Amino acid sequence: MDKIKKNVRIFDYDLLKSFFAPSNTVFGFIVTILGLLDINITLKMILFFVVIDIILYICYWCKSNYIKSIELKYAESSIEIKQGNIFANEYKNKDTIRVFAFNEYFDTLVNNKIISTQSLNGQFISKEVQDINKLDREISEDTHLLKMKIGTNKNRIGGKTTKYKLGSIYKYSENVLLTALSHFDDENKAYLSVQDYIRFLINFWDEINNFYAGKTIVITLLGSGITRLDNNTYSSNQILEMILWTFYLRRIKFKKPAKLVILIEKSTNKNINYYMVRRMFNGLQE
């Protein structure tokens with residue numbers, strides 16, 4: 001049996017509040033009834049119920065640490081967050097749109113210098129792009145992306161030179177979208193400040209709202225992994241919270257049957273505090 005992850009502290013205030021609020025009402029009622037009995041019996045019964053309460057709370061705490069996925073509701077939107085692989089066949093269907101993150105140049109050169117073979121966009125190019133030259137040409141000629149162009153870096157070596165606004169989306173197919181997530185420095189290393197990340201997310205949701213066409217949107221934990229967010233000062237949990245916070249901020253409302261699916265890799269999923277994420281998102285709507 002796996003050890004308890006302990007993402008949720010045992011004396012977490014909201015956990016204590018959510019458990020003991022209804023429990024105290026019942027406990028108070030029982031104490032009132034016991035007050036009519038012999039004092040010794042009353043004390044023993046009170047002690048018994050206190051012990052039971054503690055045992056139940058520990059079970060409740062353990063359960064909160066073993067939450068591995070959640071589904072959130074916002075207006076007409078449904079958000080499912082879980083462990084998964086964006087390349088799995090279940091996400092390759094006509095009712096689903098998968099989103100892959102690229103850099104601000106929409107680079108496509110997979111050589112472990114510009115794009116790593118282990119990155120999701122590197123895997124996407126290797127597995128699903130049949131003609132890279134055609135993709136490059138179509139990206140450069142895309143009428144929507146032309147509106148998102150913000151400059152040219154003619155001094156850049158080893159990659160493309162046209163730079164696009166973060167959050168810009170290129171429609172690769174009816175079921176795949178590519179988005180510009182990160183900046184690239186002179187050494188072709190991805191970087192992103194938290195301010196840029198928030199701006200990316202806000203632009204990204206606005207773009208998605210125009211592209212989703214009633215289909216389920218599938219994304220990964222955008223901002224983690226290869227792209228370094230403020231030198232890794234933000235945890236996976238905080239990145240997930242920012243994704244949800246900006247989704248709510250932009251008042252995105254995917255009408256049914258469409259929904260948002262956020263897939264998290266196995267090693268990262270172990271560290272997600274789903275109890276806190278659910279509490280935070282529900283708190284936004286109060």
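Biologist: At what angle do helix α6 and helix α7 pack?

Modeller: This is a predicted model, so read the geometry as computed. Helix α6 covers residues 194–211, and helix α7 covers residues 236–249. The two pack at an angle of about 45°. Their axes are 9 Å apart.

Biologist: Is the crossing of α6 and α7 left-handed or right-handed?

Modeller: α6 passes α7 in a right-handed crossing.

Biologist: Which residues meet between α6 and α7?

Modeller: From α6 come V194, Y197, I198, L201, I202 and W205. From α7 come I239, M242, I243, W245, T246, F247 and L249. Sorted by class, the contact has 12 nonpolar residues, 1 polar and no charged ones.

Biologist: Now the core. Which residues touch the most other members of the largest nonpolar core?

Modeller: A nonpolar core is a set of buried residues joined through side-chain atoms. The largest one here has 45 residues. I81, Y197, W205, I208 and I219 touch the most other members. Helix α6 gives the most to this core, with 8 residues.

Biologist: What is Y197 in contact with, leaving aside its neighbours within four places in sequence?

Modeller: Its partners are L181, L192, L222, G223, L229, I239, M242 and I243.

Biologist: Next, accessibility. Is V99 buried or exposed?

Modeller: Buried means under 20% relative accessible area. V99 has 1% relative accessibility, so V99 counts as buried. V99 is found in strand β3, residues 96–103. Leaving aside neighbours within four places in sequence, V99 is in contact with I86, L177, T179, F204, I208, I217, V218 and I219. Take L177: V99 and L177 are 78 residues apart along the chain, yet their C-alpha atoms are separated by 4.8 Å.

Biologist: And is I157 buried or exposed?

Modeller: Exposed means over 50%. I157 has a relative accessible area of 71%, so I157 is exposed. I157 is found in the loop between β4 (149–152) and β5 (162–164). The C-alpha atoms of I157 and N188 are separated by 8.8 Å.

Biologist: Last, the whole protein. How many helices and strands are there?

Modeller: The secondary structure comes to 9 helices and 11 strands. Of the 286 residues, 43% count as buried. Among contacts with a separation of 6 or more, residues 24 or more positions apart account for 71%.

Technical notes. Residues are numbered from 1 along each chain as its sequence is written. This is a predicted model: local features need pLDDT of at least 70, side-chain atom pairs count only at pLDDT 80 or more; totals for chains, interfaces and linings use all residues. Side-chain values use heavy atoms; hydrogens and water are left out. Axes are lines fitted to C-alpha atoms, for helices over the stretch in contact, and angles run from 0 to 180 degrees between N-to-C directions. Helices (H or I, at least four residues) and strands (E, at least two) are DSSP runs, numbered from the N terminus. A crossing is left-handed if the near helix is turned anticlockwise from the far one by less than a right angle, and right-handed if clockwise. Contact means heavy atoms within 4.5 Å. Ala, Val, Leu, Ile, Met, Phe, Trp, Tyr, Cys and Pro count as nonpolar, Asp, Glu, Lys and Arg as charged, and the others, Gly among them, as polar. A nonpolar core is a set of buried Ala, Val, Leu, Ile, Met, Phe, Trp, Tyr and Cys residues joined through side-chain atoms within 4.5 Å. Buried means under 20% relative accessible area, exposed over 50%, partly exposed in between (1.4 Å probe, protein chains only).
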